[in-house]
Amino acid sequence: SIKDLEKKINKKIDFERFRGNIYIDDLEPWKEFNLINDYIKISNVKFKVSERIPRCSATNINSLTRVIDMNLPQILKKNYGHTDMGVYLIPLNSGLISNKDTFLLN
């Protein structure tokens with residue numbers, strides 16, 4: 001979804017602005033919103049996808065320069081009609097996940 005937003009505004013957006021713990025590549029843009037109340041598994045850890053993440057003005061700050069250089073909630077609202085980016089995951093068991101793990105829909 002971040003890559004889709006980059007295409008819409010023709011500007012690179014550092015994913016770290018969103019301060020997510022897990023980033024998934026190769027998922028269709030905005031597909032994560034269709035996963036609400038579903039379950040996914042990463043490595044041996046199962047998660048419930050609980051809700052969309054509404055974004056606030058903290059995302060306006062460039063994580064590298066510490067300068068406010070865009071208004072992401074406004075940009076999201078203008079381009080998609082909402083200010084959400086990403087979803088909350090609730091872990092249902094303990095375990096280890098790592099870079100390059102794949103995820104499965106349950």
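Helices α1 and α2 lie roughly perpendicular to each other, a label for angles of 65 to 115 degrees. This is a predicted model, where local features need pLDDT of at least 70, side-chain atom pairs count only at pLDDT 80 or more, and totals for chains, interfaces and linings use all residues. Residues are numbered from 1 along each chain as its sequence is written, and side-chain values use heavy atoms, without hydrogens or water.

**Stop 1: the helix pair**

Select α1 (2-9) and α2 (residues 72-80). Their axes come within 11 Å and cross at roughly 80 degrees. Axes here are lines fitted to C-alpha atoms, for helices over the stretch in contact, with angles from 0 to 180 degrees between N-to-C directions.

Now show the side chains. Asp-4, Leu-5, Lys-8 and Ile-9 in α1 meet Leu-72, Ile-75, Leu-76, Asn-79 and Tyr-80 in α2 (contact means heavy atoms within 4.5 Å). These contact residues divide into 6 nonpolar, 1 polar and 2 charged.

**Stop 2: the whole chain**

Zoom out. The chain has 2 helices and 4 strands; helices (H or I, at least four residues) and strands (E, at least two) are DSSP runs, numbered from the N terminus. Along the sequence, the pattern is α-β-β-α-β-β. The C-alpha trace spans about 40 × 30 × 20 Å along its principal axes.

Colour by burial. Of the 106 residues, 31% are buried, meaning under 20% relative accessible area (1.4 Å probe, protein chains only).

How values were computed. Parallel < 35°, antiparallel > 145°, perpendicular 65-115°, else oblique. Nonpolar A, V, L, I, M, F, W, Y, C, P; charged D, E, K, R; others polar. Buried < 20%, exposed > 50% of the residue type's maximum accessible area, 1.4 Å probe, protein only.
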